[in-house]
Structures are given as structure tokens and as C-alpha cells.
Amino acid sequence: MMATGNEVYLYSFDYFNPKSFGLLSWKVPFKAATHCTELAYLFGVGIIFSFKFNELDNEMIDIMTKLWTNFAKHGNPNGNSIAGGTQTFNWEPISDDHCCRYLSIGSKPQMREDYANGNSQFWAEVASQAINVENDTEPAHDSMNALPTETSKQAPLFNGSTSTTPVPAGLVDVITPEN
């Protein structure tokens with residue numbers, strides 16, 4: 001998206017009300033925001049279970065709907081002015097220099113760096129390798145970091161990062177070229 005001149009905004013929804021899990025809160029081993037947790041605050045209704053929104057939940061609804069509405073109207077989640085006159089943050093887009101910059105959306109949203117402790121860099125490398133394999137191009141590598149062949153039992157390692165990280169076993173089939 002950035003390569004075509006578009007601004008890209010990254011976020012992590014970190015706000016969590018334990019009541020949103022309803023009866024599952026007794027069984028769930030963790031208490032934190034999960035995939036799709038933010039939907040309750042975009043639509044103003046519990047997604048998994050119905051629950052009564054408290055004052056902080058209502059503030060989160062205001063924040064989320066203002067950010068998404070601004071993005072839809074202006075192409076920028078900050079809009080033309082600060083949301084409701086009370087917004088104390090500015091959601092900055094990622095850039096080549098700040099590829100892991102993101103808005104942590106919690107009770108006090110704030111910009112942070114190093115999204116997911118840099119794990120996104122690893123996945124960017126996996127995607128790059130998959131594209132190289134799909135296009136039948138051989139990425140620059142040495143024998144220690146070569147993609148495996150069908151007879152290889154070693155997990156592939158990627159070259160070009162500050163450390164070499166093995167690809168999880170489930171991805172080997174996706175990126176391994178067929179002979």
C-alpha cells in the first residue's frame with residue numbers, strides 16, 4: 001500500500017472489559033483483548049455475549065467510531081480536527097523509517113514503536129520469500145540459509161535479517177517450491 005503512495009495506519013486494540021467474555025470469562029485462561037474485540041466498540045453491542053457497557057466502554061465507543069468515521073470520510077483517522085476536542089493523541093502512519101509504529105488503542109490511546117516486538121519484520125521476510133518462490137526466482141542466500149528441497153529435513157532459514165529465525169513447520173509447505 002505504501003509503495004502506491006497510500007498512508008498505512010497500524011493499530012493494536014488493547015482495551016479490555018472482562019465482562020465482554022460473559023460466561024466464558026470463567027473458562028478463558030487469560031484476560032485481555034483478542035481478535036475482533038474492537039468490534040463491540042465499533043458497533044456498540046457485545047459480539048460474543050451481551051454485556052452492559054460501563055463509562056470506559058462508552059468512551060472507547062466514542063474513540064473507535066470517531067477514528068473509523070474520520071478514516072472513511074477523510075482517508076485519515078485523525079480527520080480534519082481532533083476528535084470531539086478531547087483527543088490527546090495523533091495516529092501517525094507507518095513509514096519506511098518507522099515500519100513498526102502503531103497506535104495502542106486502550107483507555108488512553110498512544111503511539112508506540114516496535115509492534116509485536118518486531119515480529120512483523122519476520123513475516124515480511126516470509127512473504128518476500130514466498131513471492132520469490134512463486135515467481136521462480138532464487139533469493140540471494142548461502143548454503144546455510146537455503147530453502148529446503150523435498151528431501152531436506154531442515155526447516156528453512158532466512159537470510160538478510162539481524163538474526164536467522166526458522167520458519168514454523170506449517171509454513172514450509174506454503175513456501176517450498178514443487179520439484
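Predicted model: local features only at pLDDT ≥ 70, side-chain atom pairs only at ≥ 80, totals over all residues.

Student: How do I read a nonpolar core?
Tutor: In soluble globular proteins, nonpolar side chains tend to be buried together. A nonpolar core is a set of buried Ala, Val, Leu, Ile, Met, Phe, Trp, Tyr and Cys residues joined through side-chain atoms within 4.5 Å. Buried means under 20% relative accessible area, exposed means over 50%, and partly exposed lies in between (1.4 Å probe, protein chains only). Here the largest nonpolar core has 16 residues. Those with the most contacts inside it are Phe13, Tyr41, Met60, Met64, Leu67, Leu103 and Ile105.

Student: Which elements supply at least two residues of this core?
Tutor: They are α1 (39–43), α2 and β2. Helix α2 gives the most, with five residues. Helices (H or I, at least four residues) and strands (E, at least two) are DSSP runs, numbered from the N terminus.

Student: What does leucine 103 touch?
Tutor: Contact means heavy atoms within 4.5 Å. Not counting residues up to four places away in sequence, leucine 103 touches Leu10, Tyr11, Ser12, Leu67, Phe89, Trp91, Pro109, Gln110 and Met111.

Student: How do I read a pocket?
Tutor: Rolling a probe the size of a water molecule over the atoms shows where empty space is left. On a 1 Å grid over the protein atoms alone, a pocket is an open set of points where a 1.4 Å probe fits, with protein on both sides within 12 Å along at least five of seven lines; lining residues have an atom within 4 Å of a point. The second largest pocket has a volume of about 150 Å³, the space filled by probe spheres set on its points, which are joined across faces, edges and corners.

Student: Which residues line the second largest pocket?
Tutor: Glu7, Val8, Tyr9, Tyr11, Leu67, Trp68, Phe71, Pro77 and Trp91 do. The largest share, three residues, comes from helix α2 (residues 55–74). The lining divides into eight nonpolar, no polar and one charged. Ala, Val, Leu, Ile, Met, Phe, Trp, Tyr, Cys and Pro count as nonpolar, Asp, Glu, Lys and Arg as charged, and the others, Gly among them, as polar.

Student: Is asparagine 78 buried or exposed?
Tutor: Asparagine 78 is buried, because its relative accessible area is 10%. This residue is in the loop between α2 and β2 (102–105). Its side chain makes a polar contact with the side chain of asparagine 90 (2.9 Å). It also reaches the backbone oxygen of tryptophan 91 at 2.8 Å. A polar contact is a pair of N or O atoms within 3.5 Å; within protein, one must be able to donate a hydrogen and the other to accept it, and residues adjacent in sequence count only if both atoms are side-chain atoms.

Student: Where is asparagine 70?
Tutor: Asparagine 70 is in helix α2, and at 6% relative accessibility it counts as buried. Leaving aside neighbours within four places in sequence, its contacts are Gly75, Asn76, Pro77, Asn78 and Gly79.

Student: What is phi of cysteine 36?
Tutor: Phi of cysteine 36 is near 75 degrees, a positive value in a residue other than glycine. Cysteine 36 sits in the loop between β1 (11–13) and α1.

Methods
Residues numbered from 1 in each chain as written. Heavy atoms only, no water.
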